Structure formats: C-alpha cells, structure tokens
Amino acid sequence: MPSSEAPLDDLARTPGVPKPDPILIVDNVQRTFGGLQAVNVQSLQIQRGTITSLIGPNGAGKTTLFNLLTGFDRPQHGDWHLNGGALVGIPSFRVARRGMVRTFQLTKSLARLTVLENMLVAAKDQVGESFWGGLFGRWRHIEAANEAKAMASLERFGLDHMASHYAGSLSGGQRKLLEMARALMVEPEVIMLDEPMAGVNPALTQTLLGHISALRDDGKTVVFIEHDMDVVQEISDWVVVLSQGTVIAEGPPAHIASNHDVIDAYLGLHHGEKP
Ligand SMILES: Nc1ncnc2c1ncn2[C@@H]1O[C@H](COP(=O)(O)OP(=O)(O)OP(=O)(O)O)[C@@H](O)[C@H]1O
Ligand SMILES: [Mg+2]
C-alpha cells in the first residue's frame, strides 16, 4: 500500500509542483538526439521516502531521463541536485556513491559471472578499486564484509541458493531481482527502477512489488518506470507523466488515472470523444 505518511495529498497537481521534502530536484534538463527532443523537463521534484512512478507512452523519454540523472548520458542543458548537491557532469559510478542508483530496462547482469560475483562487482569498496587498502592489507576485511552484505541481500531477494550459479542461468524474473539486489550493494538513498516488471512471470510480479514497497518502508526513495496502470495505482505515492520528453501531469495515482491530458497522451484523443 502507498505510504500513509506521505504528505503529498494537499499539493497542487501541476507539473513541476515543489515537494515538501525533495531529495531530487531537476531543473530544465534537455537532451536532443539529432533533431529529436527526447527530454525537456522544466522542473521536477521527487519527494524523499516515497514511491514515485514515472509513466508515459513508448518513446516519451523515461529511460533517457534516468540515463541523464544517473550520469549514463549527458544533457545539452540543465541542472539537477541530490540532497542539495549538484550532479551535473558527475559520472555514473560517482552518482551511485552519492546515493542514487538505477536498474536497466534490459537487465545488465554479467552472465558469465556467478550471482555472488555480480553482487561483489557492485560493492562500494570493491577490492579492485581499493589500491591503497589492498597495499595495507585491508582488502581481506573489505572483501569479507562485502561478501556478507551480498549474501544477506541475496537472501532477502530469495536468491541466496543461486549464489554460486552463473547469472546467465537465472530466469528473467530472477535476473530482475538480482539487478535490484545488486543496486542495493551501494546502500543508495534513491533507487530508480526502469520497468522492473517487464518480462517477469506473473507469479513473481507480486514478489517484486513487495520488494519495491519494502525499499520505501526502509526509508529509501524509489522512482519507478512502469507501463501497467494497475501496478502504478497499487504501489505509487505519486505519479509523474512524461510525454514527448515533457512532464505533462503529476499527482496522486487516483488523480492521474482520470486526467484528460494523460489519457490523450496514451490514446491520442479525448476520452469518450469519437475519433
Ligand atoms: N541513443 C539514442 N540515439 C538516438 N535516439 C535515441 C537514443 N536514445 C533514445 N532515443 C530516442 O529518444 C526518445 C526517447 O526514448 P526513451 O528510450 O527515453 O523512451 P522511453 O520513454 O523509455 O520509451 P519505452 O517506454 O519504449 O522504454 C525516443 O524517440 C528514442 O528513439
Ligand atoms: Mg524506456
């Protein structure tokens, strides 16, 4: 169930509306590919500790916006801040260390590494990066701590029994779970999920939704790209609608479901109007 504590119900339902406690603030972020304006977000704030769903038709710019905000792509223009710190120009691994991670629409687990190795690659203090730590013999300690953390996380996601299996042997749904578990290795404050339900066996859908709610219940902020409006209604505290790169609506899920601009964006005509 959406968080009952989220103080969002009284906000204006207008694109760009300021939030009472924003963890992420986006200002005038623009990305064009050739002549195509993929993202043109004037203003967007994400409330801390909530699940915000980002919806919109295919090609609306949802994934591109995630890419930009997490340092996997660069905009031509714009600014964004996480906890007040500017993120423009910061590469993805540093964005992760600042506390914001994302998962990918097409899963990026490394098929020829084991499930546990996939987790360790994502760890904050991974041994390979810790040159000075290694030099002073600290690495064994770090490695053991990361492994314990990875196993605890795998257990939470029901993947601990697969720890020594190649990631390539996982089902599509298990791979989505691994991606989520892996993203949590850096102990992020904000986790951005790009269609975590897509291609997942319906039997696993509720499990995934449970995990996403649990992240919010742990105090994390979740931004969630999803096409299934039933899922969006069930899980979101707030919904942001992107169309042709622009935020055209935002509000509580019930408000969005009946918003004419949103219905237009999806269907291309007014609800109830004859084509
Ligand atoms: N690297 C790229 N080069 C050129 N065009 C791109 C690139 N990435 C995205 N686009 C274009 O930008 C627009 C937005 O794409 P994006 O993938 O962000 O949409 P989306 O909302 O995530 O769509 P979907 O729901 O299908 O995943 C699309 O028109 C897409 O073709
Ligand atoms: Mg996408």
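What follows is a short exchange about a predicted model and the surroundings of its ligand.

Residues are numbered from 1 along each chain as its sequence is written, while chains are lettered from A and ligands numbered from 1 in the order in which they are written. In this predicted model, local features need pLDDT of at least 70 and side-chain atom pairs count only at pLDDT 80 or more, whereas totals for chains, interfaces and linings use all residues.

Biologist: How many helices and strands are there in the protein?

Modeller: Both are DSSP runs, numbered from the N terminus: helices are H or I, at least four residues, and strands are E, at least two. The protein has 10 helices and 10 strands.

Biologist: Which element gives the most to the shell around ligand 1?

Modeller: A residue belongs near the ligand if its C-beta atom, placed from the backbone, lies within 6 Å of it. The residues around ligand 1 include G59, K62, T63 and Q105. β2 (36-47) and α1 (62-69) are the elements that give two or more. With three residues, the most comes from α1.

Biologist: How do the residues of that shell divide into nonpolar, polar and charged?

Modeller: Ala, Val, Leu, Ile, Met, Phe, Trp, Tyr, Cys and Pro count as nonpolar, Asp, Glu, Lys and Arg as charged, and the others, Gly among them, as polar. The shell around ligand 1 holds four nonpolar, seven polar and one charged.

Biologist: How many residues of α1 are buried?

Modeller: Buried means 20 or more other C-beta atoms within 10 Å of the residue's own, exposed 12 or fewer, partly exposed in between, with C-beta atoms placed from the backbone. K62, F66 and L69 are among the buried residues of α1. The helix is mostly covered, and the count is eight of eight.

Biologist: Is I23 buried or exposed?

Modeller: I23 is found in strand β1 (residues 22-33). Its contacts (C-beta atoms, placed from the backbone, within 7 Å) include I46, L82 and V190, leaving aside neighbours within four places in sequence. Because 22 other C-beta atoms lie within 10 Å, I23 is buried.

Technical notes. Contact = placed C-beta atoms within 7 Å.
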